[in-house]
Amino acid sequence: MFEDSNHTLWVGTYYNGLAALDTRTNQCSFLPQLAGQRIKSMVEDSRKNLYISVFGVGLKGYNLSTGKVWELASAAPETRGLMKNRWINVLLCDSKDLIWIGNYKGISCYDARNDRYIKIQGDSVMDSHVCYSLLEDRNGDIWMGTNNGLYTWSREQETFRRFSTEDGLSNNVICGLAEDKDGNIWCSTFRGINQIKTGEGRIISFYTGNGLIDKEFSRGVYSHDKEGRIYFGGNYGITHFAPEMIHPTVFHKEVMVTNMYLDNHPVTVQTLSGGKAVIDKTLIDSRDFYLSHEDNTFSFEFSTMDFREAENIHYEYRLKELSTLWSSTLPGINRITYSHLSPGSYTLEVRACENGSYTPVKELRIHIASPWYQTTIAYVCYSIILLVLGMQVYFYIKRKRREEINEEKLKFFINISHEIRSPMTLIISPLESLLKRDYDEVTSKALRSMYRNANRIIGLLNQLLDIRKIDKGQMRIACSETDMVCFIRELFQTFDYQSEKRNIRFTFEHEQAELPVWIDRNNFDKVLLNVLSNAFKYTPDGGEITVRLTSGIDKKASGALRNYAEIAVSDTGDGIDENKLEKIFERFYQASADLSSAPLGFGIGLNLCRLLVNLHHGTIVAFNRKDCKGSCFVIRIPLGNSHLKKDEMVEPSVGSHVALQIPSYELAENMEKTKAGRSKTHYKVLVVDDDEEVREFLQAELSATYRVITCKNGMEGLQAALKQQPDIIVSDVVMPEMDGFTLVKKLKGNSNTNHIPVVLLTSKIEHSDRIRGLDKGADAYLTKPFVVDELLTLISNLIANRILLKGKFSGAQAQEDKVKSIEVKSNDELLMERLMNIINAHLDDPELNVEMLAERVGLSRVQLHRRLKELTGIPASEFIRNIRLKQAAILLKDKKMNISQTAYAVGFVNHTHFSTAFKKFYGVSPTDYIINAVKGENGG
């Protein structure tokens, strides 16, 4: 229905088209052009044109002045596609003479002045919605009511915004729209009337009651008269009101808690009061709720205790600690739920709303307890645990660092010990030679003291190596049954001289004549010697040292030490600081910091003692004496052998002597005779050592019997061996350019030198080094310092053995001048003769190889290789190459050919390959070989 400016009321009918009622004459007529059509909506523009929506047909125009009807389908062809749907529900002519068309595919827009449809930017958001109502507000913005919420189009920003139930609308089906004088938008819905306060940004919903009868309104049935009254059509008629007359009523009711649910199960005060909660007598009056951490999902039901229009009320709520925005329930819903809240204290604020009026805010305090692992006590425990772990890590790193430092110290001392062994060789070996001569008593005593202290230094160095072996798990004890009384008495005699010289009363006490104990004699003596050495070190002259041997039973012990033998060494020295008693057994720790009070040592002796005693399954402790000034060391060793493993025991005959003995010189005369019995020989000894003094010493000692050649490194030694062909080689291990291990490998890998015996003479005394040297092919391995007579005997025996081997294989030829033998050639001799003839005949042929040689001899390649390996010890290919190189050496000595010609003459096609093979075989290049040959001829 529409009233034009001529006071004509135009009424669209459902089946009879458009009717015109003249309000002045009350005469009614029908527009014949639209007879029988369904009219949905109509609007008038500024040019007196009436636009009519014909449902299912589209949009038509009617000029009020001329009575002309036309189809808007005749609009500009390029814009016709913008008319989205012919099923038009509502029309709106805005202030710009734009006809807004609400249809079943959103909206379309027709520009009446230019007779064209226009595109509205972003209108695709409404393409799936049905538009029921349109409104232009005072700002020129267009409001569109759809079946899926309320949309507004900003003319200035050209953007769409949507309002829905999530924003506070009572329903998403918007039936009618109107604007009041204050600029607020009113809309009717399928569930009440909503007022959108554009200035405040909130929505007020009106349902039934207070004069409002209809709750569900009809789509598209709405109007707004000139006086500002708003009309909405519904199921029970038309609802009309003046917006300015509607004021929110004051909502004096108080929100009450009626029910509470934990995990959707109802609870009561009694259910909650079992904890530490302080809750009032009823839920209605409760303000504080204490929940466990497992009850962090809960619901509350509220009521205003006014049941007249309960479905009109909705509740707004928020947790102050989590959000400042209010959340809202649907109208008639009085239950709110929170899920999985974290432990803590919260303030829940709730208010009820009816027709835009709010009740006072009700506050509930909710306390969710922390689980046991998040309590203060738990965090204190965590802190303690972290502190303990941190301390453990700190001490572990500190201990690891200390171990690394000790390891570096040990490596340093071991490297020093290796370096010291060479100069100690030049001290001990000459001293041994001097001690074999006759001197006066004073000189002999001084030499013996020098020799004894030199051996003491070697003993200290050996202690370092023993600790190294124990740390690496390489030391194994070999225990045998030993009379501890006899064992200690032998060691006791070692310190007789020192005790007499310093006037120290040195005694050995024992209750039993014999006390059998299972010990490793070669290692346990180091324990007693270290303890006694410390006792003598810290006991002043005129003091007293006592060694006491006892046995006993410890009833408190249940292990191997229940029956034990005890060795107590007590002295009358200054004693040990009580705070340092446990530390004296630590590595590199020295009890006395006063350098003047005791000799300076490594601080490893007592540490080695503890390690060795532990290997014997015993204990060692130290304490200060109570009866007088001084200290006491107590060693306990289990009796019997039940605590020992099989690999820790040996036959009693093994190692029955004490390892450390003071050398005796009673056989000096016989040794002199033995040495004097060695006469000058023609055998050559090659000495290889980087220490000039060692070389000179060995040359002086060996030159009386042998012809001695010296070299200062392994490279020179290899060349000298290839050139001089010595009868034996004595070599150091640690040398520049080429070490002793590499030298042995090269010598044993060369057919010219693999028969020469090699003696390695070195300061590297570790077991692994000995194995490595022998594995490379060394015939003997002597450690520095060494006994010269032992070296001389070893050299003599090795040379003698080589002579015996040589005689064994060439004895028949040596007697040819005396016995006339029958010349009968064996199969091996015939084979070698045939091989040599073929090789000599084809020596210059590069094609001479194993296959060719096997074919000429009449053997397979495999058979030839096997036979030559048996006869010569080398493969067939190497046999051919060696003969070529020997022939090349003869040609180079003759100097009739240059190096290239020589290479081709012996079957080498590559000059570089020839030089490499020649240097590997002879140790020098062909050029150096020629130079050495010239020097030899000139006597150089």
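Helix 6 passes helix 7 in a left-handed crossing. A crossing counts as left-handed if the near helix is turned anticlockwise from the far one by less than a right angle, and as right-handed if clockwise. Helices here are DSSP runs of H or I with at least four residues, strands are runs of E with at least two, and both are numbered from the N terminus.

Before I go on, the ground rules. This is a predicted model, in which local features need pLDDT of at least 70, side-chain atom pairs count only at pLDDT 80 or more, and totals for chains, interfaces and linings use all residues. Residues are numbered from 1 along each chain as its sequence is written, and side-chain values use heavy atoms, with hydrogens and water left out.

Back to the pair. Two packed helices are described by the angle between their axes and the distance between the axes. For helix 6 and helix 7 (residues 605-615), the angle is about 145° and the axes are 9 Å apart. Axes are lines fitted to C-alpha atoms, for helices over the stretch in contact, and angles run from 0 to 180 degrees between N-to-C directions.

Who touches whom? Helix 6 brings N523, K526, V527, N530, V531 and N534, and helix 7 answers with G605, L606, L608, C609, L612 and V613. Contact means heavy atoms within 4.5 Å. By class, that contact has 7 nonpolar, 4 polar and 1 charged. Nonpolar covers Ala, Val, Leu, Ile, Met, Phe, Trp, Tyr, Cys and Pro; charged covers Asp, Glu, Lys and Arg; the others, Gly among them, are polar.

Helix 6 (residues 521-538) also meets helix 4 (residues 484-492), with the axes coming within 11 Å and crossing at roughly 60°. Helix 4 and helix 6 are therefore oblique to each other. The cut-offs: under 35 degrees is roughly parallel, over 145 roughly antiparallel, 65 to 115 roughly perpendicular, and the rest oblique. This crossing of helix 4 and helix 6 is right-handed. Helix 4 uses M484, F487, I488 and L491, while helix 6 uses R521, F524, D525, L528 and L529. That contact splits into 7 nonpolar, no polar and 2 charged residues.

Five strands make an open, mixed sheet in the order 35-37-38-40-39. Strands pair if DSSP finds at least two bridges between them. Strand 35 (505-510) and strand 39 (619-624) each have a single partner strand, so one side of each edge strand has no neighbour in the sheet. From one strand to the next, the twist averages 15°. Strand 39 runs antiparallel to strand 40 (residues 631-638), joined by 6 bridges. V621 stands opposite V634 in strand 40. Helix 4 packs on this sheet and touches strand 35, strand 37 (544-553) and strand 38 (563-571); its direction makes about 170° with that of strand 35.

Now the other helix pair. Helix 10 (residues 714-724) and helix 11 (residues 740-748) have axes that come within 9 Å and cross at roughly 20°. They are therefore roughly parallel to each other. The crossing of helix 10 and helix 11 is right-handed. G714, G717, L718 and A721 of helix 10 contact L743, K746 and L747 of helix 11. The classes are 4 nonpolar, 2 polar and 1 charged.

Four strands form an open antiparallel sheet in the order 9-10-11-12. Its edges are strand 9 (88-93) and strand 12 (116-118). The twist here averages 30° from one strand to the next. Strand 9 pairs with strand 10 (residues 98-103) over 5 bridges. C93 has I99 as its bridge partner in strand 10.

Last, confidence. The chain averages a pLDDT of 81, and 85% of the residues score at least 70. pLDDT is the predictor's confidence in each residue, from 0 to 100. Where is confidence lowest, and where highest? Helix 8 (residues 668-676) is lowest, at a mean of 43, and strand 14 (residues 142-146) is highest, at 96. Residues 273-281 have pLDDT below 50, with 13 contacts in the model beyond near neighbours in sequence. Residues 654-677 are also below 50, and that stretch has 29 such contacts.
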